[in-house]
Amino acid sequence: MNVPLWAIQILLAAVFAGAGLAKLTQPKEKLRDRMGWVDPVPPSQVKALGFVEVLAAVGLVLPPLTGIATVLTPLAAVGLVIVMIGGILVHRRDMKAHTGDRRKLEIQGAITCAVLLVLAAVVAWGRFGPYSF
């Protein structure tokens, strides 16, 4: 089970590092095309979310690679579960506000958040429980 957990950790780290760096480095106007939810959100909150995502990505892989503070890995996974719950709620809110293609994008966003939530929960369970470092 250690190998599948590592694979999930690396996948999650890649996804959240990419998404987080995009939020940190690109202006809100540029993010709007792919992330419609940023419209009502202040730019500082978008940047803060990007920082949290990058921090979680680092926390998923760096502690076990260095052998230092390995408890941070399942904590990072729990943090991502919380972030994804928020993502699902935001997409659900936006689903009610839109129709047509925009509504489909919000449904896809909610499904993506749910899948990432499950993967992060598996890492948290495995690394806190029977497959800790």
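Analyst: Here's a walk through the pocket, then through the residues and helices around it.

First, the ground rules. This is a predicted model, so local features need pLDDT of at least 70 and side-chain atom pairs count only at pLDDT 80 or more, while totals for chains, interfaces and linings use all residues. Residues are numbered from 1 along each chain as its sequence is written, and side-chain values use heavy atoms, with hydrogens and water left out.

The largest pocket has a volume of about 700 Å³. Of its 30 lining residues, K23, M35, W37, H91 and C113 are the closest to the centre. A pocket here is worked out on a 1 Å grid over the protein atoms alone: it is an open set of points where a 1.4 Å probe fits, with protein on both sides within 12 Å along at least five of seven lines, and a lining residue has an atom within 4 Å of a point. Grid points are joined across faces, edges and corners, and the volume is the space filled by probe spheres set on the points.

Four helices each supply at least two residues of that lining: α1 (2–25), α3 (43–66), α4 (72–97) and α5 (100–128). Helices are DSSP runs of H or I with at least four residues, numbered from the N terminus. By residue type, the lining divides into 15 nonpolar, eight polar and seven charged.

The cut-offs are under 20% relative accessible area for buried and over 50% for exposed, with partly exposed in between (1.4 Å probe, protein chains only). Leaving out residues up to four places away in sequence, K23 touches L31, M35, W37, V46, K47, L49, G50 and E53; a contact means heavy atoms within 4.5 Å.

One of those contacts, E53, also pairs with K23 in a salt bridge, at 2.7 Å from N to O. E53 sits in helix α3 and K23 in helix α1, so this pair ties together parts that are 30 residues apart in sequence. Both E53 and K23 are buried. A salt bridge means a side-chain nitrogen of Lys or Arg within 4 Å of a carboxyl oxygen of Asp or Glu.

K47, another K23 contact, is found in helix α3 and counts as partly exposed at 30% relative accessibility. Beyond its neighbours within four places in sequence, K47 is in contact with K23, L24, T25 and Q26. Its C-alpha atom is 8.1 Å from that of G20, 27 residues away along the chain.

Now for α4, the helix with 26 residues. Its end C-alpha atoms are 37 Å apart, which agrees with the 38 Å it should span at 1.5 Å a residue; the expected span is 1.5 Å times one less than the number of residues. The buried residues of α4 include H91, D94 and M95, along with T73, P74, A76, A77, L80, V81, V83, M84 and G87. These buried residues pack against α1, α3 and α5.

E106 picks up the story from α5. Setting aside neighbours within four places in sequence, E106 is in contact with H91, D94 and M95, and H91 is one of the residues closest to the pocket centre. E106 is buried, with a relative accessible area of 2%. Its side chain meets that of R102 in a salt bridge, 2.9 Å from N to O. Both lie in α5, four residues apart, or about one turn of the helix. R102 is partly exposed, at 23% relative accessible area.

A search of the whole structure finds four salt bridges. Among them is one between R32 and D39, whose closest N and O atoms are 2.2 Å apart. R32 counts as partly exposed at 31% relative accessibility, and D39 counts as partly exposed at 41%.

Terms used: Ala, Val, Leu, Ile, Met, Phe, Trp, Tyr, Cys and Pro count as nonpolar, Asp, Glu, Lys and Arg as charged, and the others, Gly among them, as polar.
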